[in-house]
Amino acid sequence: MKLRALICVLLCAASTAWAENALKDVDLDSSPAALRRGAVTVTSRCLSCHSVKYLHYRDLLKLDFSREEVMSMGNLESALLALTPAEVSEQAYGRVPPDLSLLAKAREGGPRYIYTLLTGFYQDQTGEINNHLYPGIRMPDILGWSGADSTQRAALAIQANEAAAFLMWAADPRADERKSLGYYTIAYLALLTGLLYLVKRKVWARLK
Amino acid sequence: MSQRLITWIDQRFPLTAFIKHALTHYPTPRNLSYWWNFGFLAGFLLLLQIISGVFLAMHYKPDVDLAFDSVQHIMREVNYGWLIRYLHSTGASAFFAVIFIHMARTLYYGSYRAPRELMWWSGQVLLILLMASAFMGYLLPWGQMSFWGAQVITSLFGATPLIGDEIVLWLRGDFVVGDATLNRFFALHYLVPFFIVGMVLIHLMALHHVKSSNPSGINLADKDNIPFHPYFTAKDLFGLGVFLIIFCGFVFFAPEFFIEAANNTPANPLRTPPHIVPEWYFLPFYAILRAIPDALGGVVAMTLSILIFAAMPFLDRSRIPGGARFRPLYRVVFYIFVVDVAVLAYVGSQPPGGVIFQIDVAATVIYFAVFLTLPFYSRWEERWLRARGLPPALQALLDSDTELRPRRETRQ
């Protein structure tokens, strides 16, 4: 009976995680090409202030970039560090911009949070740039969302989507390996458990 | 050759005698349901946690500047490090889930009653050791929730009268949770499992002395006992297979289900997260802590809410065997208790205040009332059942129990 209680608890926990109704629904495009375009957006835009320090440029090779393409972005053996030194950003923004390696896991809603933030910039009545998701944000409107018209926004939304997808990959680069190993493991366990059930039945059949 | 080797060993060590006593000739009631599988599963999880933990410790660095990075190193660079870590973090949650079910089974079937009080109490010690180990282990990834959870829980000890501040300082080794705390929690997190193993051995020795309880609640005649091996090794292994399928579902497809998002941000003593929540398995107790506005009162209530289980053999005054099975009132109270714990867990996960606080207080009152009124309603229930005439199935069981009858007759 505690099992039912547990399930109830788990559902409650899950419901709080998804109560982020402020977040926009986004159908994340995680195709290899989208991840590569996302990587270009992140390294060319975000990296001017943010780091993605748990990734090395060599890790981008796993996204099927050519060696030359990656080497044009940075040294293979160096981490994806911010181009602006931390002290300078701190002077400019009041705090060091957070590292993005785990951002997609560190916020409720994950990539949806990133997408909503990037496409949440607007110009308020005083002409200041603000953000719907994060009022008072210090980060500039890096994609230029607030000044874009609807056709431009359609393209920017795709760009934000791909950046979010890339950051999800950066937070969990082993996800594909984990899932494929998971299918084999569960298939093996299902077979094993089926056999164990037959063993149990056979053993217990001796009892009359 | 192998027979000679075994004889050689047997002359020096009671190997065959031990296998006979513990497995092949160990009498086990044949009517055990799958609810009796969870002790075995808990033993499996203890081994899994120790083995995965040893491998994690080979790559982990208990230093405030390195801990978070070393976890990411395990996740990204160590071969199958992600698998070892997710087995360990999911294993912790699974351990509590299994233990809670194991306890619920004991409560439902009245397995804590004579002669199994020492099993119940050694289990109680195991629960506390498990909680201590889980709490200290949760600090090690050095995420925001690790840090602030530890900060909140260690500060609870400050409610101790007179020497509260000194105790908190002594626990942390510093005025705040810091490097000293992380180092000692790592050392203790590695130490406590050895105490757990020792206590499990005591738990098992007591079990092999008093034997398993069973759904009927009385000692079965010899003909109804079957050897543990092969019957229950086969049954438990099948149960383990089912468990592993569910467990691996989480490990491979939802490994972060039990990890707070905020814990993927490195600990920052200068930024308090808006909402500090403990791990799900502490939520009911955390809710009881918050139900009482006074700090000391809250800590006492929370401690009592865990320790009060130990009093069950004294609180339950009914002599009707079979736990909730033959006791309609106790059964209803059992389900109320389970729902109440679930409500407390939900309340504990919510930001405090308003309606949540009122539900919290009500659920806490019900929690303790279930225990404290048990001596009265259990006795009343027994009188009522006997006056009404025991169900024929139960009467037949009672008549077949040779050990119980003389005691019952002297009492009547």
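**Entry: ground rules.** I am working with a predicted model, in which local features need pLDDT of at least 70 and side-chain atom pairs count only at pLDDT 80 or more, while totals for chains, interfaces and linings use all residues. Residues are numbered from 1 along each chain as its sequence is written, chains are lettered from A, and side-chain values use heavy atoms, with hydrogens and water left out.

**Entry: cores.** I looked up the nonpolar cores, meaning sets of buried Ala, Val, Leu, Ile, Met, Phe, Trp, Tyr and Cys residues joined through side-chain atoms within 4.5 Å, where buried is under 20% relative accessible area with a 1.4 Å probe, protein chains only. The largest has 120 residues, and B:F96, B:L107, B:F243 and B:Y367 have the most contacts inside it. Its largest share, 17 residues, comes from helix α5 (residues 81-109) of chain B; helices here are DSSP runs of H or I with at least four residues, and strands are runs of E with at least two. Apart from this core I found another, of 37 residues, including A:C46 and A:L143.

I then followed B:Y367, which is in contact (heavy atoms within 4.5 Å) with residues including B:F285, B:F309 and B:L344, leaving aside neighbours within four places in sequence.

**Entry: chain A against chain B.** The contact takes 45 residues from chain A and 54 residues from chain B. I noted a buried area (the accessible area, 1.4 Å probe, that two parts lose on being put together, summed over both) of about 4,400 Å², with 71% given by carbon and sulfur atoms. Two salt bridges cross this interface, each a side-chain nitrogen of Lys or Arg within 4 Å of a carboxyl oxygen of Asp or Glu. The side chains of B:D69 and A:K53 meet in a salt bridge, at 4.0 Å from N to O.

**Entry: the domains of chain B.** The domain assignment, automatic or from a database, gives domain 1 (33-153 + 190-219 + 228-276) and domain 2 (282-405). Their centres, taken over C-alpha atoms, are separated by 24 Å, and the contact takes 26 residues from domain 1 of chain B and 35 residues from domain 2 of chain B. One salt bridge is found across this interface, and I also listed the salt bridge of B:D316 with B:R113, whose closest N and O atoms are 3.9 Å apart.

**Entry: one serine.** Is B:S52 buried or exposed? I found that B:S52 is buried, with a relative accessible area of 5%. B:S52 lies in helix α3 (residues 38-57) of chain B, and B:S52 is in contact with B:I84 and B:H88 when neighbours within four places in sequence are left aside.

Note on methods. Buried means under 20% relative accessible area, exposed over 50%, partly exposed in between (1.4 Å probe, protein chains only).
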